[in-house]
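Hello,

Here is the structure for you to look through. My notes follow below it.

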Amino acid sequence: MNRKIVSTTLLVSLLALASSGIMMIVLGSYEFNLRMHPVHKIFGITMTISGILHVYYNFKSIKKYLGSRKVLLFGIGMVAFMLLLYFAGYKKPLDEKIIYEIENSASKLHK
């Protein structure tokens with residue numbers, strides 16, 4: 001029963017994250033992003049927790065998958081790609097003045 005609940009939660013979280021993320025990109029509206037961001041964050045946390053539980057419940061199968069050299073190398077490549085994107089995003093230069101204005105405006109909205 002737990003496995004079914006975890007898998008369903010993982011699926012719904014994936015749908016919520018994918019649909020909210022795609023809408024945030026496609027619409028490109030700061031207003032929409034501010035409204036959708038809490039939903040995106042909540043389902044991100046939900047997906048993380050259910051993903052960890054999913055790995056826990058399926059650990060034996062995952063170990064078998066990673067026994068294949070091809071799958072292991074693919075997994076390592078995906079992790080390397082993720083780290084590269086994190087690094088590129090972190091190193092991207094940002095205008096401090098614009099960041100301050102956005103944060104100041106956002107804090108006024110939450111009051």
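Helices (H or I, at least four residues) and strands (E, at least two) are DSSP runs, numbered from the N terminus. This is a predicted model: local features need pLDDT of at least 70, side-chain atom pairs count only at pLDDT 80 or more, and totals for chains, interfaces and linings use all residues. Residues are numbered from 1 along each chain as its sequence is written, and side-chain values use heavy atoms, without hydrogens and water.

First, the loop. Asp95 sits in the loop between α4 and α5 (96-109). Asp95 is partly exposed because its relative accessibility is 44%; buried means under 20% relative accessible area, exposed over 50%, and partly exposed in between (1.4 Å probe, protein chains only). From Asp95 to Arg69 is 26 residues in sequence and 44 Å in space, C-alpha to C-alpha.

Next, helix α2 (residues 30-57), where Ser50 is found. Ser50 has 5% relative accessibility, so Ser50 counts as buried. Beyond its neighbours within four places in sequence, Ser50 is in contact with Val6, Thr9, Leu10 and Ser13 (contact means heavy atoms within 4.5 Å).

Last, the surface. Which helix gives the largest share of the nonpolar patch? That is α4, with 4 residues. α3 (59-66) and α4 (69-91) each supply at least two of the patch residues. Leu72 lies in α4. Leu72 counts as partly exposed because its relative accessibility is 37%.

Best wishes
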